[in-house]
Amino acid sequence: MHPEDLKYTAEHEWVRVTGPDTVRFGITAFAEQSLGDIVYVSLPAVGDPVTAGQPCGEVESTKSVSELYAPIDGTVVARNDGLEEAPETVNADPYGDAWMVELQVVDPAQLDHLLDAAAYGAHLAEL
């Protein structure tokens, strides 16, 4: 149900390691399903610093607006600008084409504090 190769936050972001000091992240299928039809995505700019657990963007749906939280500390090195033109991609492919931000990581050890797929599944079962 949750891709095994990813890490997760309790706030429903996923994280994929893309290089020795880079990660990509987005929102989980649970998050996008909870939000409903995504109509707008606001992402941080390339070069912006982000702090773990702090808001760095927004995802708006027909139901509500939800903040996007940085999963770890880093600097934005890429953003998925395609989501501005096609925010519905988040609903169609949350773990693939709908990645949101790529970060240059400040401290790769922070990844060890994120949830694996089994722990994220257990977290969802508690909700």
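Predicted model: local features only at pLDDT ≥ 70, side-chain atom pairs only at ≥ 80, totals over all residues.
Let's start with two strands. β8 and β9 run antiparallel, and five bridges join them. β9 covers residues 101–105.

A word on pairing in general. Strands of a sheet pair through backbone hydrogen bonds, and they can do so parallel or antiparallel.

Now widen the view. Which strands make up the open sheet, and in what order? There are six, in the order β1-β2-β3-β9-β8-β5. The pairing is antiparallel. At the edges sit β1, residues 7–8, and β5, residues 49–50. Each of these edge strands pairs on one side only.

Next, the whole chain. The protein chain has four helices and nine strands. Read from the N terminus, its elements go β-β-β-α-β-β-β-β-β-α-α-β-α. Of the 127 residues, 46% are buried. Then there are the contacts. Take those with a separation of 6 or more: 62% of them are between residues 24 or more positions apart.

On to the rings. How many aromatic pairs does a search of the whole structure find? Two.

Take Y8 and Y120. Their ring centres are 4.7 Å apart and their planes are at 10°, so this pair is stacked. Planes under 30 degrees apart count as stacked. Where do the partners sit? Y8 is in strand β1, and Y120 is in helix α4, residues 117–126. The pair therefore ties together parts that are 112 residues apart in sequence. Both Y8 and Y120 are buried.

The other pair is W14 and Y95. Here the ring centres are 6.2 Å apart and the planes are at 50°, so the pair is tilted. This pair also links distant parts of the chain, 81 residues apart. W14 belongs to strand β2, residues 13–19. Y95 is in the loop between α3, residues 89–92, and β9. Are these two buried or exposed? W14 is buried, with a relative accessible area of 0%. Y95 is buried too, at 14%.

One more ring: W99. R24 lies over the face of W99, 3.9 Å from the ring centre.

Find N80 in the loop between β8, residues 74–79, and α2, residues 82–85. N80 is buried, with a relative accessible area of 11%. What does the N80 side chain have within reach? A polar atom of that side chain lies 2.8 Å from the backbone oxygen of D97. The backbone oxygen of W99 is 2.7 Å from a polar atom of the N80 side chain. Now leave aside neighbours within four places in sequence. N80 is then in contact with L43, D97, A98, W99 and M100.

Find the β8 and β9 bridges. Find the stacked pair, Y8 and Y120. And find N80, in its loop between β8 and α2.

Definitions and conventions. Residues numbered from 1 in each chain as written. Heavy atoms only, no water. Buried < 20%, exposed > 50% of the residue type's maximum accessible area, 1.4 Å probe, protein only. Polar contact = N/O pair within 3.5 Å; in protein donor to acceptor, adjacent residues only side chain to side chain. Contact = heavy atoms within 4.5 Å. Pairing = 2+ DSSP bridges. Phe/Tyr/Trp six-rings, centres within 6.5 Å; stacked < 30°, edge-to-face > 60°. Lys NZ or Arg CZ within 6 Å of the ring centre and 35° of its normal.
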